[in-house]
Each structure stands twice: as C-alpha cells, then as structure tokens.
Amino acid sequence: MNKMAVCISIETKKLFRSKIPLITMAVLTLIPFIGGFFMFILKDPSLSESLGFISAKAQLMGTADWPSYLSLLSQAIAIGGLFAFGFITSWIFGREYSDRTIRDLLALPVSRGIIVASKFIVMILWCLFLSAFVLILGLIVGNMVDIPGMSSALLMDGIKIYMICSLLTILLSTPVGFFASYGRGYLSPLGFIVITLILAQIVATTGYGEFFPWSIPAIIGIGIGNGEPIVSGISIAIVFLTSILGLVSTMLWWRYADQS
Amino acid sequence: MIEAISTVDLTKTYGDLRAVDNLNLSIGRGEIFGFLGLNGAGKTTTIRMLLGMITPTSGYCYLNGERINKSNMDIWNDVGYIVETPYSYPELTVRENLEIVRRLRGIEDRDCVDWIIDKLKLGEYESRRVEHLSLGNAQRLGIAKAIIHRPKILLLDEPTNGLDPAGIVEVRRLLMDLAENEGVTVLISSHKLDEISKIATNIGIIHEGRLIKEIDGGGLQDQLRKSLVLDGRNKLAMRSILFQAGYDMSAKDGDLRKGSHPLRVHDEGAVNAPEKIATLLVKAGHPPTLLKVEEEDLEMYFLRMIEEYEGIRNE
C-alpha cells in the first residue's frame with residue numbers, strides 16, 4: 001500500500017475515533033429539520049399567525065414550495081458549512097499541535113506534503129458525506145412535510161446547486177488548515193472562521209458578495225428555481241483560487257516553517 | 001569511518017538569542033553520547049535540528065554521513081526519537097498508536113508491534129486508550145514508538161522524564177543493550193549528570209548553545225575534584241590563616257558570615273595531608289570542629305564546569 005493510502009487510512013481512523021463526526025453530524029442534522037419546520041409553518045396560515053416571531057422568521061424563507069426549501073437548504077449548508085466544515089478542518093490540523101503529536105509526524109520518513117494532502121482528502125470526503133447526508137435527510141423531511149411544487153427538473157436543478165454550494169464551501173476550508181498550522185492549535189482557525197462568517201454576511205449585503213469567496217456559495221444557493229446561475233464564472237474561479245491558496249500555503253508551512 | 005551523528009558549526013538564532021552557537025559534535029557508531037545542559041542550554045534545539053524540525057541559521061547536521069535535508073525523508077528511516085515528553089493520540093489505544101507508527105514507517109512485519117509491546121512491558125495496557133495512561137506508561141509508549149523500527153540512531157530528549165526509578169533503570173538497561181548488542185548510536189540529552197554518567201560512553205556539556213566540555217564517560221570519576229571541608233567557631237579567622245599559608249579556598253566572606261557554609265580548601269596538598277591543616281589551625285588558636293575530605297558529586301562538577309566557562313567568557 002503506498003504512503004498516501006496509508007496516511008489517508010490513518011487520518012480516517014483518527015477522525016472516526018474522535019467525537020468530531022458525531023458532533024458535526026448532529027449539528028448539520030438540524031438544518032433539514034429547521035427548514036422543514038419553517039415550510040410547515042408557511043404552509044398553514046392559521047398556525048403562522050399564532051407563532052408570531054418564529055412565523056416572521058419563516059416568512060423570510062419565501063413561500064412554502066420546493067424551490068424555496070431547496071434554496072434554504074443550499075444557503076444553510078453554505079453558511080452552516082463554513083462553520084461545520086471549518087471546524088472539522090481546524091480539528092484535523094489543530095489537534096496535532098494541541099495534542100503535541102506534530103513532533104512525531106515531522107521526523108517520520110513520510111513526505112509532509114503527503115501528510116497534509118491526506119488530511120485535506122479525509123476532510124473533503126467527510127464533508128461531502130455530511131453534505132449528502134443533509135440533502136437526503138432534507139428530501140425526506142420535505143416529503144414528510146408534503147411541500148408542494150416538486151418536479152423532477154426542479155429536483156435535479158436543486159440537487160445540482162446544493163452540491164455546488166457544498167463543494168465550494170468545502171473548498172473554502174483549506175485556508176482554515178493553514179491557520180490551524182500557523183496558529184498551532186484551534187484558536188486561530190476558529191477565529192478565522194468566525195471572521196469570514198461575519199464578513200460574508202456584511203459583504204453580501206453591500207452587493208459585492210460575488211467577489212468575496214466566503215459569500216459566494218450562499219449567493220449561488222439563492223438561484224434554485226431561477227433557471228440561470230446568479231454568479232459568474234469569475235466567482236467560481238475566486239473560490240477555487242482561495243482554496244488553492246489555502247492548500248499551497250498549508251503545504252509550504254508544513255514543509256518550510258520551523259516546528260518548535 | 002563515517003560518524004553516526006555529526007554537526008558542523010551548527011548555529012540557530014532567534015533574533016538576538018543564539019540558541020545554538022557553532023556547535024560541532026562528532027558521535028561514533030555504537031556510542032552513547034550524553035548531551036548535558038541546563039534548561040535552555042540548546043539541547044532540544046539541537047535535537048530538533050537533527051530531526052529536521054527546525055532549520056539551522058547556519059552550519060550543517062549529518063546523520064550516517066548524509067546531510068539533513070527536509071526533502072530527503074529517507075534519512076530518518078534509521079532514526080528513532082523522543083523530543084521532550086512524547087505525546088500520542090489520546091483517543092487511540094497503545095496498540096493503535098504503535099500500529100500507526102509501524103504503517104507510517106512502512107514496516108511490513110506486523111509482529112514488530114507485539115515485539116515492542118513485550119519489550120517495553122506494555123502488554124497490560126495495549127488495549128487502553130492513551131488518554132488513560134499514567135505519565136510513566138505514556139513515556140514507555142514514546143520509547144516504544146522510537147525503537148519499533150529498530151533504528152540505528154536514537155535521538156532522545158530527556159527520555160526518562162516521568163518514569164519511576166524502576167522505569168529509569170529499565171530504560172537505561174534497554175539503551176545499553178541496544179548500543180552494545182545492536183550497535184545503535186544514542187544521543188541522550190538530560191540535565192542530570194548522575195543519570196547520564198551511568199550509561200554514556202561520552203558526555204558533552206552544552207551551555208548557552210556552545211559545547212563547553214567533552215568528557216570520556218569512563219574517565220568522569222577522575223575529573224571530580226576533592227576538597228577539604230572545614231568548620232570552626234570563627235571561619236573568617238580560619239580562612240585568613242589558611243589564605244596567608246597559601247591555600248586555595250572557595251568560600252566568600254559573606255557566605256562565611258552567614259555561618260551555614262563551611263570552608264572548602266581545594267589545594268591538593270591540603271586534601272592529601274589534612275593533618276597539616278589541623279595542626280596549623282590549632283597552633284593559631286582556631287581548632288577546626290569539622291575536618292573531612294569530600295569528593296564533589298556529579299551535579300557539583302557539572303555546575304563547576306559551567307561556572308568555569310562563564311568565568312573564562314567574562315574575562
């Protein structure tokens with residue numbers, strides 16, 4: 001078995017022996033249930049009137065139909081994912097510093113590039129699984145709530161946009177790996193995640209969201225049912241470039257920085 | 001013959017601080033080299049440079065004659081190491097942690113995990129999560145990870161930290177066995193000379209990043225200084241009498257006034273003939289209440305070496 005496969009299997013083992021998969025799954029499970037609950041409220045005007053504040057929140061989601069519901073799921077994975085996927089990444093990298101196991105990794109006869117790559121691969125695979133899990137659960141919940149307006153074309157469009165949002169959000173986690181390595185622990189990456197989350201909201205409201213990497217996935221999520229993409233290819237390129245920058249900077253940090 | 005470990009003018013600076021300063025080490029195969037120094041002397045920084053964890057500011061490190069280069073990871077195939085307190089993945093068991101090292105090192109022989117568990121007496125704990133291990137057993141696991149691949153070079157930074165006396169003896173025996181029977185070269189750092197002196201074939205004392213003294217481990221006892229220890233009712237007067245008689249003493253006036261410090265005469269003549277000193281003091285009306293020849297212990301020797309170096313440096 002080559003070193004990359006060995007490293008991936010070891011990283012997978014480390015991840016699944018921790019509580020991180022359970023925590024992140026539990027947190028992301030809330031998304032479809034909250035979305036389904038809002039749709040349930042929007043479907044019933046009399047219930048909506050009696051719920052006051054919650055109803056007002058639900059009204060922001062639009063109407064009780066599948067385009068609104070799928071758009072809600074996509075935006076939620078884009079925003080919630082920034083936190084959840086970033087949290088996973090910060091754990092995968094930061095734990096080596098906080099548990100001080102980094103020293104054992106650095107002088108092993110294994111390329112540091114392979115170690116970093118295997119960590120990112122495991123992170124991406126687990127986040128993709130979580131995204132698919134939320135989508136499937138969302139479809140089940142949507143069916144249970146009996147949301148109107150479903151068609152196979154809409155379903156395919158919704159799934160496609162949802163997966164694009166998820167994938168772009170996952171890609172945006174690579175800079176978190178760099179901050180976890182640079183900050184030698186969890187604090188810096190978590191701070192970075194919070195700042196990007198806040199900035200993503202602020203920049204999006206100013207109308208420049210399509211040029212700010214962390215705003216882009218959520219903006220794409222709005223497009224479900226509109227028939228055409230809301231953001232341009234430049235936005236997608238910005239996200240990819242940000243991701244590559246995060247990946248390369250993490251690799252360079254592991255390769256060249258003094259690890260004391 | 002190519003040395004197992006060597007450094008050439010190795011230097012590491014952090015701003016104005018010279019953590020390691022033109023260090024030249026040369027450690028032969030099968031040697032146990034005790035790397036001795038106070039905290040912050042530069043031991044760990046040197047070991048980290050030997051492991052490629054940090055890059056020297058200038059100078060070079062060689063392992064088995066190969067210059068250390070972060071892009072040549074194969075250098076570390078034959079190297080085992082402990083850098084300060086060893087840490088393992090807390091949520092994994094002892095066996096799982098060892099399996100990880102076995103796989104990352106590309107060792108095909110799966111029995112090596114059983115071998116090392118047996119060798120380090122970790123059988124009782126092999127299924128226990130590392131987070132539930134005692135400090136001593138976690139240290140054993142660290143040593144197990146360092147030698148699971150039967151390395152030719154061992155770089156150990158304070159490996160007996162946290163071990164109980166029985167554990168320390170066990171590790172000492174293990175290292176001596178590895179060096180004598182398998183030709184393993186060991187660089188072991190410590191700030192305890194008495195511990196190092198029990199296993200090291202050679203000892204290097206590092207201070208402020210510089211190698212200030214190299215001692216043949218077997219000849220260490222010959223280096224220990226003897227002195228004549230004296231006490232009496234008026235130590236200042238005794239000191240003055242001995243000084244006028246030309247004897248070399250270390251006690252300072254302030255220390256003598258406090259009363260707790262005895263007088264120490266390092267003069268070889270005094271050590272070899274203490275009765276002459278006694279006679280001299282009795283005749284002067286200051287008979288000693290204590291008179292004994294004492295050999296400095298290893299810690300005192302270590303501190304003396306540092307003091308002498310600082311004295312030379314300050315001149």
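Axes are lines fitted to C-alpha atoms, for helices over the stretch in contact, and angles between N-to-C directions run from 0 to 180 degrees. Helices are DSSP runs (H or I, at least four residues) numbered from the N terminus.

The model is predicted, so local features need pLDDT of at least 70 and side-chain atom pairs pLDDT 80 or more, while totals for chains, interfaces and linings use all residues. Residues are numbered from 1 along each chain, chains are lettered from A in the order in which they are written, and side-chain values use heavy atoms, without hydrogens and water.

Two packed helices are described by the angle between their axes and the distance between the axes.

| Pair | Angle | Axis distance |
|---|---|---|
| α5(A) (residues 66-98) and α7(A) (residues 112-145) | roughly 150° | within 10 Å |
| α5(A) and α8(A) (residues 152-171) | about 15° | 9 Å |

The angle with α8(A) makes α5(A) roughly parallel to that helix (under 35 degrees; over 145 is roughly antiparallel). In the contact of α5(A) with α8(A), 13 residues are nonpolar, five polar and none charged. Here Ala, Val, Leu, Ile, Met, Phe, Trp, Tyr, Cys and Pro count as nonpolar, Asp, Glu, Lys and Arg as charged, and the others as polar.

**Contact between the chains**

Contact (heavy atoms within 4.5 Å) joins 31 residues of chain B to 32 residues of chain A. There are four salt bridges between these chains, each a side-chain nitrogen of Lys or Arg within 4 Å of a carboxyl oxygen of Asp or Glu. Lys145(B) and Asp104(A) meet in a salt bridge at 2.5 Å, N to O.

Key
Helices (H or I, at least four residues) and strands (E, at least two) are DSSP runs, numbered from the N terminus. Angles under 35 degrees count as roughly parallel, over 145 as roughly antiparallel, 65 to 115 as roughly perpendicular and the rest as oblique.
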